[in-house]
Amino acid sequence: MTRIFSGVKPTGHLTLGNYLGAVRQWAETDQYRADALFCVVDLHALTVEHDPARVRRLSRQAATLLLAAGLDPARCTVFVQSHVDEHARLSYLLECTATVGELRRMIQYKEKGTQAQAAGQSVRLSLLTYPVLMAADILAYGTDEVPVGDDQAQHVELTRDLAVRFNQRYGHTFVVPKATHPKVAARVMDLQEPTAKMGKSHETTAGIVYLLDEPDVVRKKVMRAVTDSGREVEYDRAAKPGVANLLDVLAACTGGEPEGLAAGCTSYGALKKDAAEAVVELMRPLRARHAELCADPGYLDGVLRDGAARARAMARPVVDAAYRAIGLLPAG
Ligand code: TYM
């Protein structure tokens with residue numbers, strides 16, 4: 001059976017981008033067609049300046065939202081990365097496989113490193129090595145497919161390179177995974193800055209729709225989305241990035257095609273109204289389920305405990321095999 005692994009980092013509240021680019025596919029298709037693991041990758045939240053209490057809070061919130069989005073613990077494994085030691089164990093072996101040069105080329109390292117420096121903060125070493133930990137997350141489970149938004153494609157490419165290199169040097173140990181992306185909305189853009197990705201850890205929030213935003217807040221954010229000075233509703237990502245983004249969102253929410261939907265919209269205002277209502281409707285059941293789950297925190301604890309136990313049992317033999325292959329003496 002196909003093995004799927006993917007994750008979400010608790011550095012902020014989950015966004016519409018996270019949902020349309022990744023989580024929705026996990027819930028609607030991936031958990032039914034494969035042996036799937038979905039992880040709140042909390043170790044990754046420590047790569048930038050962080051508040052421990054906030055990371056704890058956001059980790060629980062992210063896990064709750066994954067369940068609210070429809071992940072069913074009877075069908076897939078939902079867990080928290082730091083509960084399974086194998087990720088960190090394998091990460092070190094992959095640090096001994098990767099090079100500084102290839103990590104410095106990672107786009108997200110360049111972007112976040114520059115942001116941190118501009119804010120007068122020092123850049124944590126883990127920000128550079130982060131894609132290696134992500135590779136460990138994936139390779140520890142013999143993963144075939146990694147369903148992610150577009151922005152993670154480069155990290156999954158690196159993961160493939162590391163798997164191939166390790167296998168060539170030390171003998172076949174890892175499955176070489178591939179990334180999969182949704183057909184529409186693989187990169188939802190910021191509503192106020194439609195040439196930049198909608199990211200959960202951005203400082204200005206007017207262009208970001210959070211999954212837990214109240215319906216009226218969602219409407220306001222979408223109605224104020226930046227477009228351009230034109231009037232024609234056309235799907236042209238280069239010339240009309242704001243309009244194209246709204247069409248992508250509308251298409252993802254309603255199941256249509258962005259080009260076809262453009263033809264049916266008479267004005268930018270009408271497009272915004274349709275997109276706003278479509279997002280509100282899509283999020284309504286998720287918000288309701290989230291509220292129910294919050295009323296029963298013990299349920300989440302149980303899901304995460306069972307998930308970690310299952311994940312550990314899957315990762316342990318793979319990581320042990322990698323330890324042996326690379327030349328470490330078995331513990332006896
Ligand atoms: P993260 O937490 O930034 O995002 C989680 C998932 O949401 C997708 N995504 C988007 N998709 C479309 N439009 C957007 N604006 C948007 N923003 C985010 C991301 O592509 C991702 O699929 N490095 C990862 C977490 C990670 C991981 C892994 C993923 C760690 N280990 C192993 C897969 C496998 C990250 O920062 O995702």
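**Cavity, pocket and ring pairs in the predicted model**

The lining of the largest cavity comprises eight nonpolar, no polar and no charged residues, where Ala, Val, Leu, Ile, Met, Phe, Trp, Tyr, Cys and Pro count as nonpolar, Asp, Glu, Lys and Arg as charged, and the others, Gly among them, as polar. The structure is a predicted model, in which local features need pLDDT of at least 70 and side-chain atom pairs count only at pLDDT 80 or more, whereas totals for chains, interfaces and linings use all residues. Residues are numbered from 1 along each chain as its sequence is written, and side-chain values use heavy atoms, with hydrogens and water left out.

The residues that line this cavity are Leu16, Leu191, Met198, Val209, Val222, Leu246, Val249 and Val279, and the space within the largest cavity amounts to about 30 Å³. Across the whole structure, the search returns one cavity of 30 Å³ or more. On a 1 Å grid over the protein atoms alone, a cavity is a set of points where a 1.4 Å probe fits but cannot get out, a pocket is an open set with protein on both sides within 12 Å along at least five of seven lines, and lining residues have an atom within 4 Å of a point. Grid points are joined across faces, edges and corners, and a volume is the space filled by probe spheres set on the points.

Alanine 276, located in helix 11 (residues 268–294), is in contact with Val218, Arg219 and Val222 when its neighbours within four places in sequence are left aside, contact being defined by heavy atoms within 4.5 Å. Its C-alpha atom is separated by 9.1 Å from that of leucine 246, 30 residues apart along the chain. Alanine 276 is buried because its relative accessible area is 2%, the class being set at under 20%, with exposed over 50% and partly exposed in between (1.4 Å probe, protein chains only). Helices (H or I, at least four residues) and strands (E, at least two) are DSSP runs, numbered from the N terminus.

Leucine 250, in helix 9 (residues 241–254), is likewise buried, at a relative accessible area of 5%. Not counting residues up to four places away in sequence, leucine 250 touches Gly255, Leu261, Leu271, Asp274, Ala275 and Ala278; the C-alpha atoms of leucine 250 and aspartate 274, 24 residues apart along the chain, are separated by 7.2 Å.

The second largest pocket, with a volume of about 160 Å³, is lined by Arg89, Asp320, Tyr323, Arg324, Leu328, Leu329, Pro330 and Ala331. Five of these lining residues are nonpolar, none polar and three charged, and helix 12 (residues 297–326) gives the most to the lining, with three residues. The charged end of arginine 89 sits over the ring of tyrosine 323, 4.3 Å from its centre, the criterion being NZ of Lys or CZ of Arg within 6 Å of the ring centre and within 35 degrees of the ring normal.

Six aromatic pairs are found in the whole structure. The rings of phenylalanine 5 and tyrosine 141 count as stacked because their centres are 5.3 Å apart and their planes at 15 degrees; this pair joins strand 1 (residues 3–8) to the loop between helix 6 (125–139) and strand 4 (145–147), across 136 residues. Rings of Phe, Tyr and Trp (its six-membered ring) pair if their centres lie within 6.5 Å, and planes under 30 degrees apart count as stacked, over 60 as edge-to-face and the rest as tilted. Phenylalanine 5 is buried at 3% relative accessibility, as is tyrosine 141 at 1%, and ring pairs link Phe5, Phe79 and Tyr141 into a cluster.
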